[in-house]
Amino acid sequence: MKYISTRGNAPELDFENVLLAGLATDGGLYVPKELPEYSLDEIRSWRGLPYSELAFKIIKPFVGGAIEDDVLAKMLDETYAGFGHKAVAPLAQIDSSEYVLELFQGPTLAFKDFALQLLGRLLDHVLVKRNERAVIIGATSGDTGSAAIEGCKHSDHVDIFIMHPHNRVSEVQRKQMTTIKGDNVFNIAVEGNFDDCQRMVKACFADQDFLRGERRLVAVNSINWARIMAQIVYYFYASLNLGGPDREVALSVPTGNFGDIFAGYLAHKMGLPVKQLIVATNKNDILHRAISQNKYEKHPLAHTLSPSMDIVVSSNFERLLFDVYGRDGAALASLMDRMNSETVEFDKDGMAKVREMFDSHAVNDEVTCETIKQVYDETGYLLDPHTAIGVKAARECRRDATVPMITLGTAHPVKFAEAIEKAGLETPQLPHHLLDLFEREERYEVMENELSNLQNFVVKTVFGD
Ligand SMILES: *Cc1c(COP(=O)(O)O)cnc(C)c1O
């Protein structure tokens with residue numbers, strides 16, 4: 001399997017190099033050159049497979065021989081054996097034909113574990129093989145950080161630096177990152193917002209000379225293809241558990257950077273019958289405006305009760321636009337340039353096609369809390385604020401009541417106490433493996449919003465000078 005850049009001007013890479021690359025050298029994102037496609041018969045033959053075996057079927061062609069089959073199979077077994085539910089991604093029913101796909105059974109209680117538990121293992125395998133060491137620098141508004149650290153803490157081959165905006169992540173989220181023990185784990189609280197953190201990450205990737213050519217910089221945010229790849233699996237899994245592929249499903253996805261829902265779009269392109277994909281956003285609704293009004297315009301960041309979806313721009317949308325523009329890298333490169341500085345309207349026919357599959361809806365904090373309360377009253381089931389946005393959007397945008405509607409449950413409600421309390425409900429207990437979280441010792445640096453401080457800290461830590 002070969003991977004190409006969305007901006008058409010970077011080398012084609014194989015899986016191993018795409019795993020280590022992050023952003024392409026032309027500023028684009030890597031996507032598979034061709035997708036595997038499956039017939040209904042083939043998909044049907046996967047019914048009843050345990051999660052990790054289904055993951056093997058779906059991931060194997062993307063890895064393209066870079067990892068031997070038995071090693072990959074074992075890696076996937078180990079990855080998903082660490083989840084807190086035997087089904088790995090169980091479905092909970094909240095109405096006659098409405099479900100929540102619980103993607104929060106992993107160690108850090110958010111869906112990012114699905115990809116990052118695997119990413120840590122993939123990186124280790126590849127780095128050992130190449131006898132290399134890598135540095136990870138990532139930015140988080142909360143969930144990515146803990147999932148990335150949890151996924152890489154055992155690695156002897158990476159040093160991991162995660163920045164979060166100081167005092168802007170929930171207490172549970174911060175403690176989940178800062179109490180993880182590991183000589184190779186470094187948390188940095190930046191005196192700024194999430195965008196400031198992300199800007200510094202981008203600057204580090206754009207000029208890696210500070211690592212003296214001795215270390216490779218690896219991305220853990222969803223620009224890394226391996227994250228998207230791992231997320232394709234649970235779309236197939238959910239469908240197969242509800243009568244797929246002989247029955248369509250509809251999917252509502254709480255969205256920030258468009259990574260998760262892009263994986264759903266790929267699952268559909270690979271042959272999974274999907275009736276509709278719903279982009280559910282909070283007040284940071286650039287994607288909702290792009291899809292419903294064909295207007296791509298940046299608004300200032302709004303801090304909401306669903307902080308993991310607080311974004312100004314949505315980086316993975318570029319991967320969808322690549323298809324909208326007929327996979328024309330040059331056209332996309334000039335479009336992306338314009339999108340940086342001005343309000344953009346996309347190709348009308350292309351967007352009409354997007355709307356055949358995608359619907360969108362934005363939900364504010366007040367309605368988020370109302371939805372948490374409403375679903376709790378109707379069922380006794382407690383939604384986290386991100387999932388609640390998905391459920392609300394699902395109910396607003398549903399096209400066909402006979403098609404099962406699945407909302408992706410992206411986080412466990414215990415991570416977001418503020419929203420649960422505002423909904424007038426009690427936060428649940430932490431799961432067993434986190435019961436003593438509040439007593440654990442925290443370790444993090446507070447740092448000015450200044451690139452040179454970050455780079456000096458990384459250099460000092462990695463090279464000892
Ligand atoms: C990261 C995250 C999202 C958004 O996912 P994207 O792939 O960026 O769209 C939604 N909900 C939760 C809980 C998250 O952690």
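This is a predicted model: local features need pLDDT of at least 70, side-chain atom pairs count only at pLDDT 80 or more; totals for chains, interfaces and linings use all residues.

Trainee: What makes helix H7 mostly covered?

Mentor: A residue is buried when its relative accessible area is under 20%. Of the 8 residues in H7, which spans 171-178, 7 are buried, and the helix is accordingly described as mostly covered.

Trainee: Why are helices H5 and H9 called oblique to each other?

Mentor: H5 (residues 112-130) and H9 (residues 225-240) pack at an angle of about 130 degrees. Roughly perpendicular covers 65 to 115 degrees and roughly antiparallel begins over 145, so an angle between those ranges counts as oblique. H5 and H9 are therefore oblique.

Trainee: What else describes the packing of H5 and H9?

Mentor: Two packed helices are described by the distance between the axes as well as by the angle. Here the axes of H5 and H9 are 8 Å apart, and H5 passes H9 in a right-handed crossing. On the H5 side the contact is made by Lys112, Phe114, Ala115, Leu116, Leu118, Leu119 and Leu122. H9 contributes Ala226, Arg227, Met229, Ala230, Gln231 and Tyr234.

Trainee: How do you know that Cys197 is in no disulfide?

Mentor: A disulfide requires two cysteine sulfur atoms within 2.5 Å, and by this rule the count is 0 disulfides. For Cys197 the nearest cysteine sulfur is that of Cys204, 11 Å away. Likewise, Cys204 is in no disulfide, its nearest cysteine sulfur being that of Cys197.

Trainee: Are Cys197 and Cys204 buried or exposed, and why?

Mentor: Buried means under 20% relative accessible area. Cys197 has 0% relative accessibility, so Cys197 counts as buried. The relative accessible area of Cys204 is 0%, and Cys204 is therefore buried too.

Trainee: Where does UniProt place the feature "domain: Tryptophan synthase beta chain-like PALP"?

Mentor: The unreviewed UniProt entry places that feature at residues 101-328. In the model, this span is 41% helix and 17% strand, with its end C-alpha atoms 35 Å apart.

Trainee: Which residues does UniProt list for "domain: Threonine synthase N-terminal"?

Mentor: The unreviewed entry lists residues 2-80. Over residues 2-80 the chain is 47% helix and 8% strand, and the end C-alpha atoms lie 26 Å apart.

How values were computed. Residues are numbered from 1 along each chain as its sequence is written. Side-chain values use heavy atoms; hydrogens and water are left out. Buried means under 20% relative accessible area, exposed over 50%, partly exposed in between (1.4 Å probe, protein chains only). Helices (H or I, at least four residues) and strands (E, at least two) are DSSP runs, numbered from the N terminus. UniProt positions are given in the numbering used here, feature names are shortened, and annotations may be inferred rather than shown by experiment. Axes are lines fitted to C-alpha atoms, for helices over the stretch in contact, and angles run from 0 to 180 degrees between N-to-C directions. Angles under 35 degrees count as roughly parallel, over 145 as roughly antiparallel, 65 to 115 as roughly perpendicular and the rest as oblique. A crossing is left-handed if the near helix is turned anticlockwise from the far one by less than a right angle, and right-handed if clockwise. Contact means heavy atoms within 4.5 Å.
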